[in-house]
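Work through the exercises below with the model open. Try each task before reading its solution.

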Amino acid sequence: MIDTEFAPVSTVIGHRGAAGHTPENTLASLEKAAGLGVRWVEFDTKLTADGHVVLFHDDTLERTTGGRGAVAETTLADLRALDAGSWFDGGSQGAYAGERVPTLKEAMESLARLGLGAVIEIKPSPGRERETGLAVAGALAAGWPETLPAPLIASFEKTALGAAREAAPNIHRALNVFRIPRGWRNRVKALNCRAVHCLERNLTARRVRALKDEGLAVRAFTVNDPVRAGTLWRWGVDGVFSDYPERLLPFSRESHFSWP
Ligand code: G3P
Ligand code: MG
């Protein structure tokens, strides 16, 4: 049983692991984030053709693997055969050549070993929003390591968040947005979200204050500049997602955590 009372999220969160240093959403990326001193990471999750939850950002394979086509039309076995590291650095001779697309189950095992908290973003392939929300939240409810702080589920997709709520009502949720939408209060309330995660350049001091006044945690993506992070923190932003978390950690107050 996930203890959601024990769920402080750190002020610096490794984005897709540590995407500036390693191929995003891989076990190497989680490992790197931990090595950089990060306490929490974010990663993206979606479903394979045969219904397995894997760590993957895009709907298609081309950018981050040697494969072609849609993730939603690729089985886990076929996905596992792909190289998810060579694209990043040095091709087939590079340090990450042969890195595999991890399952959520494998990622949870790594997180437990590394002692990392996680924001799990549900990134459904088009048309699979509900199915993905149910699968991700169900897997977290069943297999989240007891030694870790409770996970936080995030998504841009309200159907996925609704399904996650249905499958695991006690896991906190965050609404991801590119800009704070009109009517955000209703949207957040309808999904019973505890936090809003917004593209950093669309936040203002006033917006942050309004969100905080509603009792919501506010986090910003993606922030790689410590000066910008400092401004956001001054406005009251609770956490920032960063590809280069080590740039921000010296300026953060890592003893300060925010509740989902
Ligand atoms: O969860 C914050 C951030 O990861 C959202 O954008 O495209 O990097 O998944 P994206
Ligand atoms: Mg993401």
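**Exercise 1.** In which loop is Thr222 found?

*Solution.* Thr222 is found in the loop between β8 (217-221) and α8 (226-235). Helices here are DSSP runs of H or I with at least four residues, strands are E runs of at least two, and both are numbered from the N terminus. Next, check the peptide bond from Phe221 to Thr222: it is cis, with omega near -15°. Then turn to Asn25, in the loop between β1 (12-14) and α1 (27-35). Asn25 is not a glycine, yet has a positive phi of about 55°. Most residues other than glycine have a negative phi, and most peptide bonds are trans.

The model is predicted: local features need pLDDT of at least 70, side-chain atom pairs need 80 or more, and totals for chains, interfaces and linings use all residues. Residues are numbered from 1 along each chain as written, chains are lettered from A and ligands numbered from 1 in written order, and side-chain values use heavy atoms, without hydrogens or water.

**Exercise 2.** Identify the donors of the magnesium ion (ligand 2).

*Solution.* Look for N, O and S atoms within 2.8 Å of the metal (3.2 Å for Na, K and Ca); water is not among the atoms, so the site may look incomplete. Glu42 (OE), Asp44 (OD) and Glu121 (OE) coordinate the ion at 2.0 to 2.1 Å. Their spacing along the chain is E-x1-D-x76-E. Asp44 in strand β2 (residues 40-47) and Glu121 in strand β4 (residues 117-122) are 77 residues apart, so the pair links distant parts of the chain.

**Exercise 3.** Find the polar side-chain atoms of Arg16, Glu42 and Asn176 that lie by oxygen atoms of ligand 1.

*Solution.* Glu42 gives 2.6 Å. Arg16 gives 2.8 Å. Asn176 gives 3.4 Å. The protein covers 92% of the 290 Å² of accessible area that ligand 1 has on its own (Shrake-Rupley, 1.4 Å probe).

How values were computed: Polar contact = N/O pair within 3.5 Å; in protein donor to acceptor, adjacent residues only side chain to side chain.
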